[in-house]
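Visitor: I'm new to this structure and would like a close look at its salt bridges. Please take me through them slowly, and tell me what surrounds them.

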Amino acid sequence: MGKGGALSEGVLKKIILSYTYVAIWIFLSFTVIVFNKYILDRKMYNFPFPISLTMIHMGFCSSLAFLLIKVFKFVEPVSMSREVYISSVVPIGALYSLSLWFSNSAYIYLSVSFIQMLKALMPVAVYSIGVLFKKETFKPSSMANMISISLGVAIAAYGEAKFDSLGVILQLAAVAFEATRLVLIQILLTSKGINLNPITSLYYVAPCCFVFLAIPWILVEYPVLKETSSFHVDFLIFGTNSFCAFGLNLAVFLLVGKTSALTMNVAGVVKDWLLIAFSWSVIKDTVTPVNLIGYGLAFLAVAYYNHSKLQALKAKEAQKKAAQADEEAGRLLEERQGDGAGRKPESES
């Protein structure tokens, strides 16, 4: 009874911890999205400078990542040569800076709810770019699934009350750059055996992003900020926002490290619906029935895609285990045959 009770207690503790990590990630992800919208929206805080905001995030995250890795030794750094950094990390950093710049820019023109609906296109972009780079196999069933997601998002866009072409272009560009970044991580880093967690990713990628963002910032936003005499840095607003952005990366580290990437996908779906509800009820964004029907269709298609990917991973894992078992059985059989052959002359003498 005591042993069984201890086992149940251990399992219960693990479940509670998993749900705690999920809740923390949802809360921080939710907070960062709403906070960014609040800062960038002209009708709210009115700081329509997405490059500046992203650079503040990258500078803050670079500094904290440096402290966690080099000073507090919270995470072990990944050994990386200058050649690997230039050929692998720099292109990923460039794509990440573009993805963040355009996604933050979209908050100026679109509602939070509609942006979440457009983000449902991420699996379509990742799959298409994966096929292009030969990291994914083209399958008619997968393409039908991608068309279903795209159709759902198109219906949601058709029903959008405050449709803005520039905002949609910016968000779709952000999705394309992010999808390319995710595929390039597989090609340039994972294939070389380099696995970066969110903290080491920030340590290597955030300074690179900061440098890339500085170029358009000098050309686009700096001249405007220079002429805006009324502007002053609000350390409470920008400091809290940056801390939340860094906390979100820590939460990703905990969530994926202690649970799984699938848990994060499921949590992401919950977060998206919560954001749509919040956008409608609190921010008072207009969410039409056509919006919900379209996003509902896209959501079901994405859920089916995630389910298919999970089944494929399980099948691959089962095949791997079966191959390992066969290899082990063959090795044991060879050892037994070898032992038998070694003892035979002894019995004859």
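**Salt bridges and their surroundings**

Guide: Let's start with lysine 37 and aspartate 41, which form a salt bridge with their closest N and O atoms 2.8 Å apart. The term means that a side-chain nitrogen of Lys or Arg sits within 4 Å of a carboxyl oxygen of Asp or Glu. Side chains of opposite charge can pair when their charged atoms come close. Both lysine 37 and aspartate 41 are buried; that means under 20% relative accessible area, with exposed meaning over 50% and partly exposed in between (1.4 Å probe, protein chains only).

A quick word on what you're looking at: this is a predicted model, where local features need pLDDT of at least 70 and side-chain atom pairs count only at pLDDT 80 or more, while totals for chains, interfaces and linings use all residues. Residues are numbered from 1 along each chain as its sequence is written, and side-chain values use heavy atoms, leaving out hydrogens and water.

By the rule above, there are four salt bridges. One of them sits in helix α7 (residues 165–189), where glutamate 178 and arginine 181 are three residues apart, about one turn of the helix. Helices here are DSSP runs (H or I, at least four residues), numbered from the N terminus. The N-to-O distance for glutamate 178 and arginine 181 is 2.7 Å. Glutamate 178 counts as buried because its relative accessibility is 14%, and arginine 181 is buried too, also with 14%.

With 35% relative accessibility, lysine 309 is partly exposed, and so is glutamate 136 at 24%.

Most residues other than glycine have a negative phi. Lysine 134 counts as exposed because its relative accessibility is 73%.

From α5, Pro123, Val124 and Tyr127 make the contact, and from α6 it's Ser142, Met143, Met146, Ile149 and Ser150; contact means heavy atoms within 4.5 Å.

Ile149 turns up again in the largest nonpolar core: of its 71 residues, Ile149 is among those that touch the most other members, along with Ile39, Phe47, Leu110, Phe114 and Met117. Such a core is a set of buried Ala, Val, Leu, Ile, Met, Phe, Trp, Tyr and Cys residues joined through side-chain atoms within 4.5 Å. Apart from it lies another core of 12 residues, including Val22 and Trp25.

Key: Helix = DSSP H or I, 4+ residues; strand = E, 2+ residues; numbered from the N terminus.
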